Amino acid sequence: MAARGVPALTTFPYPELDEREEDHWSGAGVSDDELRALALGAFYSTRWDAFHDAMLLGPEREHPLGDRRELAIDTLTGAWGITDGTEARASMEQLLEGMHAPLYSLVHPLVMASVNASERDRFGERADKQRAFLRQVGSFRGMDNPEALVRDYDIWAQAIKIGFTDHLSRPLPNDIHAWDLARVVAVARMAFTAGYIDADVAWEYCMRALVPAQRRYRNWRQFGDAYLTGWTYWQATEDLAELKNGGVDRRMELVRLWTRPTSPWRRIELNEPEQKAETEAAEPN
């Protein structure tokens, strides 16, 4: 069962990770599954210095850019182009359906086959065939720009070859749905704090994100690795320079979530024991 109230603080053995604020707990009476759902977005709770156990992005504090509501509105507008509840719902539906995860599932296996190929084949016929295949897939799926998959393929291959993915666990995960699912919770919390959606709608989306997360990942270690790989894949296609600078920092944040005694990922497991057994049984041998 999830602990209730504010947990006692204990010594954390990584001083370099203790430069951030302590974990914030409101003591709200959320259920175990509600806490699990919120914990999908624990990376953002930590970055925002927000409560881990409440939908509202509290606690409130003075900030030069405004209060929590104003910051949520600013972030939704600037990072997501979301200005109302309808747009927030549309973005969350897209994330639940799979925003970057389906692209990664196409590109990543081909990149790994190319990267692990013999030197003679690595930059030759195999890569050309893979690019042609991705163009066909893009056209078949009606993508506005089928070359986008080829671009992702080339950039992801480059990021791996030059070491910009060295902060990731090995072997690299084949699934990055955690990246999309964590952002469902992030958008839900921001949209609720901004006043765009009510609490019932925000909770509905968070609980919908929990179901596939529990089905795909046995524990928070797997979930975190998949989340960071998803961020890395997205960032590589956006800005390789930012990826170089930000990957290790985000890895350290995950270590904090995995190991800090007051982390939500230490307070409750992603799956109940019987759910974990079902997840393991469903995995291919």
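## Packing of α9 against α10

In this predicted model, the contact between α9 and α10 is built on the α9 side from His177, Leu181, Val184, Val185, Ala188 and Phe192, which meet Ala199, Ala202, Tyr205, Cys206, Ala209, Pro212, Ala213 and Arg216 on the α10 side. Sorted by class, the residues of this contact comprise 12 nonpolar, one polar and one charged.

Two packed helices are described by the angle between their axes and the distance between the axes. For α9 and helix α10, which spans residues 199-216, the angle is about 170° and the axes lie 9 Å apart. Because angles over 145 degrees count as roughly antiparallel, α9 is roughly antiparallel to α10. The crossing of these two helices, α9 and α10, is left-handed.

## Packing of α11 against α12

Helix α11 (residues 220-238) packs on helix α12 (residues 240-259) at an angle of about 165°, and the distance between their axes is 9 Å. This angle makes α11 roughly antiparallel to α12, while the crossing of α11 and α12 is right-handed.

On the α11 side, the contact involves Trp220, Arg221, Gly224, Asp225, Tyr227, Leu228, Trp231, Thr232, Gln235, Ala236 and Glu238. Their counterparts in α12 are Leu240, Glu242, Leu243, Gly246, Gly247, Arg250, Arg251, Leu254 and Trp258. By class, the contact of α11 with α12 holds nine nonpolar, five polar and six charged residues.

Side chains of opposite charge can pair when their charged atoms come close. The structure holds 16 salt bridges, and among them is the one between Glu22 and Arg260, for which the N to O distance is 1.8 Å. This pair links distant parts of the chain, since Glu22 belongs to the segment before α1 (32-39) and Arg260 to the loop between α12 and α13 (264-267), with 238 residues separating the two. Glu22 has a relative accessible area of 36% and is therefore partly exposed, whereas Arg260, at 3% relative accessibility, counts as buried. Salt bridges with shared partners also join Glu22, Asp23, Arg256 and Arg260 into one network.

A further salt bridge joins Glu253 and Arg47, whose closest N and O atoms are 3.3 Å apart. Here too distant parts of the chain are linked, with Glu253 in helix α12 and Arg47 in helix α2 (residues 42-48), 206 residues apart. Glu253 counts as buried at 7% relative accessibility, while Arg47 is partly exposed, with a relative accessible area of 27%.

## Backbone features in the loops

The loop between α2 and α3 (68-80) contains Pro59, and the peptide bond that joins Gly58 to Pro59 is cis, with omega at about 0°. Asp49 lies in the loop between α2 and α3 as well, and this residue has a positive phi of about 55° although it is not a glycine. With a relative accessible area of 15%, Asp49 is buried, because the cut-off for a buried residue is under 20%.

Another cis peptide bond runs from Arg170 to Pro171, with omega near -5°.

## The chain as a whole

Of its 285 residues, 50% count as buried. Among contacts in the protein chain with a separation of 6 or more, 73% come from residues 24 or more positions apart.

How values were computed. Residues numbered from 1 in each chain as written. Predicted model: local features only at pLDDT ≥ 70, side-chain atom pairs only at ≥ 80, totals over all residues. Heavy atoms only, no water. Axes fitted to C-alpha atoms, helices over the stretch in contact; angles between N-to-C directions. Helix = DSSP H or I, 4+ residues; strand = E, 2+ residues; numbered from the N terminus. Parallel < 35°, antiparallel > 145°, perpendicular 65-115°, else oblique. Left-handed = near helix turned anticlockwise from the far one by under 90°. Contact = heavy atoms within 4.5 Å. Nonpolar A, V, L, I, M, F, W, Y, C, P; charged D, E, K, R; others polar. Salt bridge = Lys/Arg side-chain N within 4 Å of Asp/Glu carboxyl O. Buried < 20%, exposed > 50% of the residue type's maximum accessible area, 1.4 Å probe, protein only.
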